[in-house]
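Colleague: I'm new to this one. Could you walk me through it, one question at a time?

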Amino acid sequence: MRQQPEQQAPPVQRLRIRYAKRGRLRFTSHRDFSRAFERAVARARIPVAYSSGFNPHPRISYAGAAPTGAASEAEYVELALREVVDPGATQGVLDEVMPEGLDLLDVVDTATSPKGALADLLTASEWIIDLPATPEDAAAAVEAFLGAEEVTVSRMTKKGLREFDARAAVVRMSAAPREGGSRLQLLLRHGTPTVRPDDVVTGLERVGGLKVGPEHGGLPLLTRLTQGVFDEETGTIGDPLH
C-alpha cells in the first residue's frame, strides 16, 4: 500500500502583495513572473507554507495578471506562510532579490486588508494606451466605439478562437494628445470572458477605423495604472489592500 503523504500544517498568516512590471519586464509572461517570484521567495528564505499531497507546492495565489507585453503598476499576488513575519521587512528582502523591473510596491497582512478572496477584489482596472495615431483620429475612433451598442472582437484562447463583445466591458474611455501621438484613458470592468485593453484597440480598429501596427507608426503601449473593486455609484476603483 502506498504510504500517505505528510499533511502540512495550515498557514498562520497570509500576505497580499502589489507589484509592478516595468520597462523590458513588461514582456514577461505570467508563467515567467511566477517562476521568478517563487525563486525570490526561496532566496529570501520567506517561510512560505506548502500544500499537502504527494507533490507539495508553495501556497502562492495569483489574480488578475496583465497580458504579456503590458506594463503595470497594479499586479497582485497572495502568499501563505507557516510563520508570522513583518510585512514591511518581507517587502524589503523580497524586493532585493527580484529582477529589476519586477518591483514590489506594497505588502500587507490580509487580516488588515478588505475581506474576501483576492480575485473577488479585482473587478475593474484602469489603463493608459499610448498610440501613434493623431489625436483627431483617436478621438473619432473612441466616439465611434462608445456610440456602438456592441463591438464584437475575436481572440485566440486556450479553448480556441472566441468572439465576444468588447463594448460591454468599457465603463469609460477618452483620448488626449501626447508627444508623438495620442493617449487613451480606459476603465475596464472585469467579466467573463475577460476583455483586455488590446481587445479594445481591436474594437477601435474595427468600428472606428483606427490604424495601428508597425506599418502605421508602431504598436500600442499598454500600461495598467490601478486594479481593484469597482464602485458603481462613484465610478472609482478601490484599493484591494487597504
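Colleague: How far apart are the end C-alpha atoms of helix α1, residues 30–43?

Modeller: Keep in mind that this is a predicted model. Helix α1 has 14 residues, and at 1.5 Å a residue they should span 20 Å. The model agrees with that, as the end C-alpha atoms of α1 are apart by 20 Å.

Colleague: Which arc around the axis do the buried residues of α1 cover?

Modeller: The buried ones in α1 are Phe33, Ser34, Ala36, Phe37, Ala40 and Val41. They sit on the same side of α1, because around the axis they cover an arc of only 165°.

Colleague: And which exposed residues are on the face of α1 turned away from that buried side?

Modeller: On the buried side, what covers the residues includes β1, β2, β3, α2 and β4. The face turned away carries the exposed residues Arg31, Arg39, Ala42 and Arg43.

Colleague: Let's talk rings. Are the planes of Tyr19 and Phe33 stacked or edge-to-face?

Modeller: There are 3 aromatic pairs in the structure. In the pair of Tyr19 and Phe33, the ring centres are 3.9 Å apart and the planes are at 5°. Planes under 30 degrees apart count that way, so this pair is stacked.

Colleague: Which residues form the aromatic cluster?

Modeller: Tyr19 in strand β1 and Phe33 in helix α1 are 14 residues apart. Phe33 also stacks with Phe37, with ring centres 5.7 Å apart and planes at 20°; both lie in α1, about one turn of the helix apart. The one cluster is formed by Tyr19, Phe33, Phe37 and Tyr62.

Conventions: Residues are numbered from 1 along each chain as its sequence is written. This is a predicted model: local features need pLDDT of at least 70, side-chain atom pairs count only at pLDDT 80 or more; totals for chains, interfaces and linings use all residues. Side-chain values use heavy atoms; hydrogens and water are left out. Helices (H or I, at least four residues) and strands (E, at least two) are DSSP runs, numbered from the N terminus. The expected span of a helix is 1.5 Å times one less than its number of residues. Buried means under 20% relative accessible area, exposed over 50%, partly exposed in between (1.4 Å probe, protein chains only). The arc is that of the directions from the helix axis to the C-beta atoms. Contact means heavy atoms within 4.5 Å. Rings of Phe, Tyr and Trp (its six-membered ring) pair if their centres lie within 6.5 Å; planes under 30 degrees apart count as stacked, over 60 as edge-to-face and the rest as tilted.
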